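Here is a short tour for someone meeting this structure for the first time. Have a look at it, then read on.

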Amino acid sequence: MLRKIFLGVFATAMVLAIVYMLGPKTKKENLIVHFPEVPTRLSELEKYVHDREDTVIGLKEGNEAYIQWADSLNKRKTPYSIIYIHGFGAGPMEGDPVHRFLGEHFGANVFVTRLPDHGIRRANGMEYVTAQKLADAAGEAYQIGKSLGDSVIVVGTSMGGALTLLLASQQPEIASVILYSPAIRDNGERLSYLFNPWAKVLMKSAMTENGVVDMNRTGEKAQYWSEVQHFNAYESLGILMYSAMNSETFGKIKQPLFLGYYYKNDQEQDRVVSVPKMLEMYGQLGTPENLKKEQSFPKSGDHVIASSITSKDWQGVLFASIDFLENVVGVKPNPKYQEQVEEMTNAKNLMESLDQK
């Protein structure tokens, strides 16, 4: 009798184990960046960007991808161009005004991206984004940058930082990489559970209502960041981080690289993505020591360090980025703006000295 009971329990356990192991789970992907053809004639390129954004239904004002010309009256290719890749659920304002001021300071054309399915107001926001679509959007941004400048500098925030790293690992011609709070891993690594059987089903049920998360954003945050985020978007973010953000990817990156992030102490630091994982990535780069720099911005007070909406020290981020590009990469400043930057630097130093008194 006991033997039959044992066999029955054992058989049940085996069935349950098989059901568990065969349950649905997210799979890692081999993300290869594709580089599509884009117009090389600048008038056609501007129309290409404008027409695409103009046809997006529900696109919120101020979330459009755009080109900032070094000289709007004489639109021509510049020695350097800058492309900005924003983060998860964000848009161009996530890096504003830092990316604009970088362009002005160096006399560079700037392309500011809008990643797939971002910046759109609808009930199922970001439902159709995938990790591969995000990777390909980074590839297209690079191609646009090539049309705008002889050499391309890539700036990325959060998920955009992860895409920048993926892009740089597969495109060695990139001149320099600037990373703000790159999403190497989510803080707490909760998205890692997606790769276990049934976890996707359970997480979707626990995290969402009808498949979406209401972000409860108001004001400028609602205007320039997503108001609802579909669970599929979180899965795509998880696939990007856990498939591609690894030592193999980082070791392929040889370009000059600047890493900036929010960290003051163990209590006051980035709570969106992992600072320790950023620093681990930094140590695994193929970039020579003399061509890379990492810097914390303890006064920023937010994961998004380069936006005037969120960061209390976007100016510090701007100045550190300028210093790196000038003195490490060797990018020459635009004399027209050098005096303005010096005035801003002096004003910032004065304010810091007053704070210390």
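Glu 189 is partly exposed, at a relative accessible area of 27%; here buried means under 20% relative accessible area, exposed over 50%, and partly exposed in between (1.4 Å probe, protein chains only). Keep in mind that this is a predicted model, where local features need pLDDT of at least 70, side-chain atom pairs count only at pLDDT 80 or more, and totals for chains, interfaces and linings use all residues. Residues are numbered from 1 along each chain as its sequence is written, and side-chain values use heavy atoms, with hydrogens and water left out.

Glu 189 isn't a glycine, yet its phi is positive, near 50°. You'll find Glu 189 in the loop between strand 5 and helix 6 (helices, H or I with at least four residues, and strands, E with at least two, are DSSP runs numbered from the N terminus). Asn 210 also has a positive phi without being a glycine. Here are the two side by side:

| Residue | Phi | Relative accessible area | Loop |
|---|---|---|---|
| Asn 210 | about 60° | 77% | between helix 6 and strand 6 (212–214) |

Trp 198 sits in the loop between strand 5 (176–180) and helix 6 (199–207). With a relative accessible area of 32%, Trp 198 is partly exposed. Together with Val 201 and Leu 202, Trp 198 makes a nonpolar surface patch of about 280 Å².

One more backbone detail: the peptide bond between Asp 96 and Pro 97 is cis, with omega about 15°. Pro 97 belongs to the loop between strand 2 (78–85) and helix 3 (98–106).

## Inside

Which residues have the most contacts inside the largest nonpolar core? They are Phe 111, Leu 165 and Leu 257, in a core of 66 residues. Such a core is a set of buried Ala, Val, Leu, Ile, Met, Phe, Trp, Tyr and Cys residues joined through side-chain atoms within 4.5 Å. Apart from this one lies another core, of 27 residues, including Tyr 180 and Phe 324.

Leaving aside neighbours within four places in sequence, Leu 165 is in contact (heavy atoms within 4.5 Å) with residues including Leu 179, Met 245, Phe 250 and Leu 257.

## Confidence

The chain averages a pLDDT (the predictor's confidence in each residue, from 0 to 100) of 91, and 90% of the residues score at least 70. Over residues 9–22, though, the pLDDT is below 50. Where pLDDT is low, the predicted coordinates should not be read in detail.

Technical notes: Patches are made of residues with over 30% relative accessible area and no salt bridge: like charges are joined within 9 Å, nonpolar side chains (Val, Leu, Ile, Met, Phe, Trp, Tyr) within 5 Å. Accessible areas come from the Shrake-Rupley method with a 1.4 Å probe; for residues, only the protein chains shown count as cover. A salt bridge is a side-chain nitrogen of Lys or Arg within 4 Å of a carboxyl oxygen of Asp or Glu.
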